[in-house]
Amino acid sequence: MNAIQDRVTTILTGKFGVRPEELSEGVVLSDLRFDSLALLELALTFSEEFDIFVAHDELSINHTLFDTVELVEAKGVTV
(Lines give C-alpha, C1' and ligand atoms only; values in the text may rest on other atoms or scores of the structure.)
Protein backbone atom coordinates (compact mmCIF):
# COMPACT_ATOMS: atom_id res chain seq x y z
CA MET A 1 0.00 0.00 0.00
CA ASN A 2 1.42 3.38 -0.97
CA ALA A 3 1.17 6.60 1.02
CA ILE A 4 -1.70 8.03 -1.04
CA GLN A 5 -3.70 4.83 -0.64
CA ASP A 6 -3.00 5.00 3.10
CA ARG A 7 -4.39 8.55 3.24
CA VAL A 8 -7.45 7.68 1.13
CA THR A 9 -8.07 4.67 3.39
CA THR A 10 -7.77 6.88 6.46
CA ILE A 11 -10.31 9.31 4.98
CA LEU A 12 -12.74 6.51 4.18
CA THR A 13 -12.47 4.93 7.62
CA GLY A 14 -12.23 8.12 9.65
CA LYS A 15 -14.73 10.40 7.96
CA PHE A 16 -17.08 7.97 6.24
CA GLY A 17 -17.18 5.15 8.78
CA VAL A 18 -15.97 2.43 6.44
CA ARG A 19 -14.61 -0.55 8.34
CA PRO A 20 -10.96 -1.33 7.47
CA GLU A 21 -11.80 -4.95 6.71
CA GLU A 22 -14.17 -3.77 3.95
CA LEU A 23 -11.33 -2.11 2.05
CA SER A 24 -9.51 -3.86 -0.75
CA GLU A 25 -8.27 -2.41 -4.02
CA GLY A 26 -11.19 -3.97 -5.87
CA VAL A 27 -14.00 -2.87 -3.56
CA VAL A 28 -16.55 -0.66 -5.32
CA LEU A 29 -17.70 2.55 -3.63
CA SER A 30 -21.35 1.53 -3.95
CA ASP A 31 -20.52 -1.60 -1.92
CA LEU A 32 -19.30 0.76 0.80
CA ARG A 33 -22.76 2.41 0.83
CA PHE A 34 -21.67 5.53 -1.08
CA ASP A 35 -24.36 7.46 -2.90
CA SER A 36 -24.18 10.68 -4.94
CA LEU A 37 -24.18 12.88 -1.82
CA ALA A 38 -21.37 10.88 -0.22
CA LEU A 39 -19.38 11.13 -3.47
CA LEU A 40 -19.73 14.90 -3.41
CA GLU A 41 -18.54 14.98 0.19
CA LEU A 42 -15.63 12.68 -0.73
CA ALA A 43 -14.64 14.99 -3.61
CA LEU A 44 -14.71 17.99 -1.25
CA THR A 45 -12.68 16.08 1.32
CA PHE A 46 -10.07 15.20 -1.31
CA SER A 47 -9.96 18.86 -2.35
CA GLU A 48 -9.23 19.91 1.22
CA GLU A 49 -6.92 17.04 2.16
CA PHE A 50 -4.80 16.99 -1.00
CA ASP A 51 -5.25 20.59 -2.21
CA ILE A 52 -6.66 19.44 -5.55
CA PHE A 53 -9.89 20.04 -7.46
CA VAL A 54 -12.10 17.01 -8.00
CA ALA A 55 -15.14 17.71 -10.16
CA HIS A 56 -18.42 16.13 -9.15
CA ASP A 57 -18.41 13.92 -12.24
CA GLU A 58 -14.89 12.55 -11.72
CA LEU A 59 -15.99 10.15 -9.00
CA SER A 60 -18.54 7.40 -9.51
CA ILE A 61 -20.17 4.86 -7.23
CA ASN A 62 -18.75 2.31 -9.68
CA HIS A 63 -15.15 3.34 -8.91
CA THR A 64 -13.03 0.91 -6.97
CA LEU A 65 -10.66 1.93 -4.22
CA PHE A 66 -7.87 1.48 -6.78
CA ASP A 67 -9.65 3.80 -9.25
CA THR A 68 -10.11 6.39 -6.52
CA VAL A 69 -6.43 6.32 -5.55
CA GLU A 70 -5.46 6.57 -9.24
CA LEU A 71 -7.67 9.66 -9.61
CA VAL A 72 -5.89 11.37 -6.73
CA GLU A 73 -2.49 10.38 -8.13
CA ALA A 74 -3.48 11.66 -11.61
CA LYS A 75 -4.07 15.07 -10.04
CA GLY A 76 -0.35 15.19 -9.27
CA VAL A 77 -0.56 14.41 -5.56
CA THR A 78 2.65 13.12 -4.08
CA VAL A 79 3.35 12.27 -0.48
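Which residues of helix H3 (residues 65–74) are buried? In this predicted model, the buried residues of H3 are Leu 65, Thr 68, Val 69, Leu 71 and Val 72. Because these residues cover an arc of only 155° around the axis, they are placed on the same side of H3. An α-helix has 3.6 residues a turn, so residues three or four places apart point the same way.

Thr 64 lies in the loop between H2 and H3, and it counts as buried because its relative accessibility is 16%, where the cut-off for buried is under 20%. When neighbours within four places in sequence are left aside, the contacts of Thr 64 are with Glu 25, Gly 26, Val 27 and Val 28. Just after H3, Gly 76 adopts a positive phi of about 90°.

The protein chain as a whole contains three helices and zero strands, so that its elements, read from the N terminus on, follow the order α-α-α. For 79 residues, a compact globule would have a radius of gyration near 12 Å, and the 11 Å of the protein chain agrees with this. The C-alpha trace spans about 25 × 25 × 20 Å along its principal axes, and 41% of the 79 residues count as buried. Among contacts with a separation of 6 or more, 58% come from residues 24 or more positions apart. The protein chain exposes about 4500 Å², of which carbon and sulfur atoms supply 51%.

How values were computed:
Residues numbered from 1 in each chain as written. Predicted model: local features only at pLDDT ≥ 70, side-chain atom pairs only at ≥ 80, totals over all residues. Heavy atoms only, no water. Buried < 20%, exposed > 50% of the residue type's maximum accessible area, 1.4 Å probe, protein only. Helix = DSSP H or I, 4+ residues; strand = E, 2+ residues; numbered from the N terminus. Arc of directions from axis to C-beta. Contact = heavy atoms within 4.5 Å. Rg over C-alpha atoms; globule rule 2.2 N^0.38 Å. Areas by Shrake-Rupley, 256 points an atom, 1.4 Å probe, with all protein chains shown as cover.
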